[in-house]
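Welcome! Please take a moment to look over the sequence and the 3D view before reading on.

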Amino acid sequence: MATSEFRGNMPRSVAALDAWTRRRTEAALEPELPIIDPHHHLWDDERGRYLLEEFLAEANGHRIVSSIFMQFRAMYRAGVPAEMAPVGEIEFANGLAAICASGRHGDIRLCEGIVGHAVLLHGDAIAAPLEAMVAAGNGRLKGIRLNTAWDDGAAGHGRSFGPRHALADPNYRRGFAHLGRLGLSYDAWMFYTQLPELADLLRAFPDTTVVLDHCGGVLGIPPHVDRQAVFAVWRDHIRALAAYPNLNVKIGGLGMLYYGWDFHLQPDPPTSETLAAAWRPYVETCIEAFGPDRCMFESNFPVDKQSCGYGALWNAYKRITRSFSADDKRALYHDTASRVYRLNRTA
């Protein structure tokens, strides 16, 4: 458990994280295993610079062949109504995807899929912004995420939450209904205490593909400090959600400071062995509940860089899945992401 007060999920700058993670490097395990990283961010603003060059430098021998760009308030349009501003982020990511599609950076196809942001709570009024995002994506927009995480404890430090029960709001449901019409999936980001609310949404929209981000938002900061008790509640929710066939799970986000590890407090970043030991129960629970064909490993970089290096993160996953079959590994590292985000790739 962390031994200092929680001061937000991203207290260190990109530059500080880069200096820290460079203190430890590891050779890539199973370097030929093709990986689609289905969840990462890119930006260049007050948070620092993290663009193509910075991301590509992280790979460290791991075979990243493609990726999904995840919304994170990057390059919003200026001088337009607020609901249209996120279209700029789609244009930004699509431009980076075009750069990689040129082959100038090798075989990797970064941002081959894009997940944008839309305030579904606007109800039917969100239709026009969604259609503008689809057009801006040039075929690459695959889904939408609206951050609905809510907690009344330390997790609220430095940020503001939306409505507590957003998924049940009638306006949210009307906005959500447009995703299916446009052929878009939905990425759900919430904390573990909210997972029963997701079950109700899945029942209401059985034909819309939904991806649960970050293993379902485990918390390890006050008041959620009894790790065994939190794990038991989270595990029950995960097992219950597995009954909904339109739900898939991203295994990752475990390096976020919300989870309450102390890795970010150490002088050197953790080894992949250390990460694998800490993360194994969460990884194995998700895979046992959903199966490899509905799970995909994610990096959540550079957010998870607060806790570890990119190479160590993928090595940790590979240590946990060392005894898995070749088919299961293809699903977890590549095929599930390709299917869910409609990339039409084969490993």
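## Before we start

A helix axis is a line fitted to C-alpha atoms over the stretch in contact, and angles run from 0 to 180 degrees between N-to-C directions. Keep this in mind for the helix pair described further down. Please also note that this is a predicted model.

## The sheet

Let us begin with the strands. Strands of a sheet pair through backbone hydrogen bonds, either parallel or antiparallel. Here, an open sheet of 8 strands shows parallel pairing, in the order S1-S4-S5-S6-S7-S8-S9-S10. At its edges are strand S1 (34-40) and strand S10 (295-297), each of which pairs on one side only. On average, neighbouring strands of this sheet are turned by 25° against each other, direction ignored.

How many residues of strand S6 are buried? Of the 7 residues in S6 (residues 141-147), 6 are buried, so this strand is largely enclosed by the rest of the structure.

On one side, S6 pairs with strand S5 (residues 109-117) in the parallel sense over 4 bridges.

## Following the chain

From S5 the chain passes through helix H4 (residues 127-137) on its way to S6, a right-handed β-α-β crossover. From S6 the chain then crosses through helix H5 (residues 170-181) to S7, and this β-α-β crossover is right-handed.

H4 lies across S5 and S6, running at about 135° to S6. Helix H3 (residues 87-101) lies across strand S4 (63-70), S5 and S6, and its direction is at about 170° to S5.

## A pair of helices

Helix H6 (residues 195-204) packs with helix H7 (residues 227-241) at an angle of about 10°, and their axes are 10 Å apart. H6 and H7 are therefore roughly parallel to each other, since angles under 35 degrees count as roughly parallel.

Which residues of the two helices meet? H6 brings Leu 195, Pro 196, Leu 198, Ala 199 and Leu 202, which meet Trp 234, His 237, Ile 238 and Leu 241 in H7. By class, this contact of H6 with H7 has 8 nonpolar residues, 1 polar residue and no charged residues.

Key
Residues are numbered from 1 along each chain as its sequence is written. This is a predicted model: local features need pLDDT of at least 70, side-chain atom pairs count only at pLDDT 80 or more; totals for chains, interfaces and linings use all residues. Side-chain values use heavy atoms; hydrogens and water are left out. Buried means under 20% relative accessible area, exposed over 50%, partly exposed in between (1.4 Å probe, protein chains only). Two strands pair if DSSP finds at least two bridges between them. A crossover is right-handed if, with the strands pointing away from the viewer, the path from the first strand over the helix to the second runs clockwise. Angles under 35 degrees count as roughly parallel, over 145 as roughly antiparallel, 65 to 115 as roughly perpendicular and the rest as oblique. Contact means heavy atoms within 4.5 Å. Ala, Val, Leu, Ile, Met, Phe, Trp, Tyr, Cys and Pro count as nonpolar, Asp, Glu, Lys and Arg as charged, and the others, Gly among them, as polar.
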